[in-house]
Amino acid sequence: NAGAIDNTTIGATTASTGAFTMLSASGTATLSTVNINAGAIDSTTIGATTPSTGKFTTVQVGTGGYLDNNGVKVVGTQQAHLADASTSPAGTYSYSDSEVVAELDALATKLNSILRVLEAHGLLAAS
């Protein structure tokens, strides 16, 4: 019920089960199945060679970091605010063709700005 078994291989020929209150390994340990219910995994890449699924309650991306989906930046650094599009006041107005064209051009520019931001965040494919 006490003592130490030092510098001795256990189960090298015929492996069996073991129950421990604490297990420590140095160097590389290969475990076929692991269930981690607490603690932290810091400064460690997970899935670099063979990626798999993950399920999280919270994902935090550090400054300058981003979420990547198959090499496409999905969400990154928050972009600057786009100014709201102007609206015309209510009422009856008369516009020349050139004024209508200018307003449509301004609207197209605003929409293209929005599309570029959505593309930059990976929410739309780049054109």
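Figure 1. Residues are numbered from 1 along each chain as its sequence is written, and side-chain values use heavy atoms, with hydrogens and water left out. Because the model is predicted, local features need pLDDT of at least 70 and side-chain atom pairs count only at pLDDT 80 or more, whereas totals for chains, interfaces and linings use all residues.

**Figure 2. The overall dimensions and the surface of the protein chain.** The radius of gyration of the protein chain, taken over C-alpha atoms, is 30 Å, while a compact globule of 127 residues would have one near 14 Å by the rule of 2.2 Å times the number of residues to the power 0.38. Along the principal axes, the C-alpha atoms fill a box of roughly 95 × 25 × 20 Å. The accessible surface, from the Shrake-Rupley method with a 1.4 Å probe, comes to about 12,100 Å², and 53% of this area belongs to carbon and sulfur atoms. Of the 127 residues, 3% count as buried, a word that stands for under 20% relative accessible area, with exposed meaning over 50% and partly exposed in between (1.4 Å probe, protein chains only).

**Figure 3. The order of helix and strands.** The protein chain contains one helix and two strands, and when it is read along the sequence these follow the pattern β-β-α. Helices (H or I, at least four residues) and strands (E, at least two) are DSSP runs, numbered from the N terminus.

Figure 4. E119 is placed in helix 1, which covers residues 97-120. Because its relative accessible area is 18%, E119 counts as buried. Not counting residues up to four places away in sequence, E119 touches L124, A125, A126 and S127.

**Figure 5. The salt bridge between E119 and R116.** The structure holds one salt bridge, defined as a side-chain nitrogen of Lys or Arg within 4 Å of a carboxyl oxygen of Asp or Glu. E119 forms a salt bridge with R116, and the closest N and O atoms are 2.9 Å apart. Both residues lie in helix 1, where three residues, or about one turn of the helix, separate E119 from R116. R116, with a relative accessible area of 38%, is partly exposed.

Key. Contact = heavy atoms within 4.5 Å.
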